[in-house]
Amino acid sequence: MSEEKKPQEAPVSEQKRNALIRYLAIMFAVAFALVLLSYLIQASNSQSTIDQLSATSSSALQNAAQLQDTNWELTQEIEQLHEELDNATIAVLEYQESVEAEKKASYQEGVIKGREEGAAQTRKAYTLMAQALEEENPEALKRILDELEPIKGNLSQDAQKECDNLLQQYNALIGNE
């Protein structure tokens, strides 16, 4: 019975069979061509992406190397500038010290010169005082006393009193004549 229930398959003709095989072969060939075409496109895209990433990576490495070089150069320049600043600071300090030494020397020279001038004025005042004490001519005495008046501060107090006495005697002498 089981044989009776199965419908009888009709034998496929040889021509249909060949057409079916050709159809399947063409379909497999088309599918294979599409898969191959998809693979080639994907490989091309992948290669393009790899090339771009390689270029970017290479560029990034070059930029990093340039930045490191620039950083190193700037660090060297900073060190050089610090050294120049230190040298300039030392030079300024040395200059200030020399200026202070010159000021001190100049001040000391001024003090010495002032003392020398004061000593010369004192000598002149005592010389004039001695001349006034010895002078008997009233006109010459007046000239000596007039010359002595502005510098009599260089005389000792006793000598100044003596000068004032001479001036009073001269005035008394003039007043009597």
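This is a predicted model: local features need pLDDT of at least 70, side-chain atom pairs count only at pLDDT 80 or more; totals for chains, interfaces and linings use all residues.
Let's start with confidence. The protein chain has a mean pLDDT of 85, with 92% of its residues at 70 or more. Among the elements of the chain, helix H2 has the highest mean pLDDT, at 90, while helix H1 (residues 2-5) has the lowest, at 52.

Now to the packing. Helix H2 spans residues 14-134 and helix H3 spans residues 138-148. Here is their geometry in brief:

| Helix pair | Angle | Axis separation |
|---|---|---|
| H2 and H3 | about 155° | 9 Å |

Because angles over 145 degrees count as roughly antiparallel, H2 is roughly antiparallel to H3. The crossing of H2 past H3 is left-handed. On the H2 side, the contact is built from Lys124, Ala125, Leu128, Met129, Gln131 and Ala132, and these meet Leu141, Ile144, Leu145, Glu147 and Leu148 of H3. Sorted by class, the contact of H2 with H3 holds eight nonpolar residues, one polar residue and two charged residues.

Which side chains meet in a salt bridge at 3.5 Å, N to O? They are those of Lys124 and Glu147. This pair ties together distant parts of the chain, with Lys124 in helix H2 and Glu147 in helix H3, 23 residues apart. Side chains of opposite charge can pair when their charged atoms come close. Across the whole structure, a search finds three salt bridges. Both Lys124 and Glu147 also belong to the contact between H2 and H3.

Note on methods: Residues are numbered from 1 along each chain as its sequence is written. Side-chain values use heavy atoms; hydrogens and water are left out. Axes are lines fitted to C-alpha atoms, for helices over the stretch in contact, and angles run from 0 to 180 degrees between N-to-C directions. Helices (H or I, at least four residues) and strands (E, at least two) are DSSP runs, numbered from the N terminus. Angles under 35 degrees count as roughly parallel, over 145 as roughly antiparallel, 65 to 115 as roughly perpendicular and the rest as oblique. A crossing is left-handed if the near helix is turned anticlockwise from the far one by less than a right angle, and right-handed if clockwise. Contact means heavy atoms within 4.5 Å. Ala, Val, Leu, Ile, Met, Phe, Trp, Tyr, Cys and Pro count as nonpolar, Asp, Glu, Lys and Arg as charged, and the others, Gly among them, as polar. pLDDT is the predictor's confidence in each residue, from 0 to 100. A salt bridge is a side-chain nitrogen of Lys or Arg within 4 Å of a carboxyl oxygen of Asp or Glu.
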